[in-house]
Amino acid sequence: MPDDFIPHPTALHCERFGNVMMGLCVLSAPPNKAVRAASGGPDSDATVIQQDQIINDDGSYNFVFETSNGIRAQASSSDGIRTSGDFSYPAPDGTNIALVYVADEYGFQPQGAHLPVEPPAPDHVIKQLEDIRANPPNDPDFDAAFLDSEIARLRATQG
């Protein structure tokens with residue numbers, strides 16, 4: 001590794017978010033240097049045209065990364081634990097693949113037009129959740145607001 005290598009902020013979180021974030025970790029590059037693909041291919045002349053990063057002592061950070069062949073990524077975290085960001089790249093067929101995500105205590109939560117869509121929730125599942133909401137358990141960990149949000153989310157899948 002070069003002496004002037006500064007780890008990309010996302011690389012600092014790769015272990016926390018596992019292989020899903022690995023794609024962004026691969027985008028890490030030494031600052032202020034043109035980076036070229038190892039050999040051949042349509043992206044072999046791609047260069048890094050923007051790479052800005054701020055890493056604070058409290059773990060918060062912001063970064064932006066962009067290459068000449070249309071790859072772009074950005075992310076930020078106010079505490080070094082919860083991250084939000086997006087990335088995009090041109091697919092081989094020429095369409096633009098764009099993904100927006102949040103990574104927090106609930107895991108990696110991506111959104112993108114290219115991702116599969118959740119199928120409609122069966123009526124009986126929603127009815128069971130509504131029954132639980134109408135007769136909540138006597139449990140201090142029961143979260144009625146979360147259940148309400150899940151019921152609303154599942155109703156939305158029904159169209």
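Predicted model: local features only at pLDDT ≥ 70, side-chain atom pairs only at ≥ 80, totals over all residues.

Residues are numbered from 1 along each chain as its sequence is written, and side-chain values use heavy atoms, leaving out hydrogens and water.

**Exercise 1.** Work out the strand order of the open sheet and find which strands stand at its edges.

*Solution.* Start with the order: six strands run β1-β2-β3-β4-β5-β6, with antiparallel pairing. (Strands are DSSP runs of E, at least two residues, numbered from the N terminus; two of them pair if DSSP finds at least two bridges between them.) Next, the edges: β1 (48-55) and β6 (107-111) each have a single partner strand, so one side of each lacks a neighbour in the sheet. Now zoom in on β2 (residues 61-67) and β3 (residues 72-77), an antiparallel pair joined by six bridges. There, Tyr61 has Ser77 in β3 as its bridge partner.

**Exercise 2.** Describe how helix α3 and helix α4 cross, and which residues make the contact.

*Solution.* First, the axes (lines fitted to C-alpha atoms over the stretch in contact, with angles from 0 to 180 degrees between N-to-C directions): those of α3 (residues 123-134) and α4 (residues 144-157) come within 10 Å and cross at roughly 160°. The two helices are therefore roughly antiparallel (over 145 degrees). Last, the contact (heavy atoms within 4.5 Å): α3 brings Val125, Ile126, Leu129, Glu130, Ile132 and Arg133, while α4 brings Ala144, Leu147, Asp148, Ile151, Leu154 and Arg155.

Conventions: Helix = DSSP H or I, 4+ residues; strand = E, 2+ residues; numbered from the N terminus. Parallel < 35°, antiparallel > 145°, perpendicular 65-115°, else oblique.
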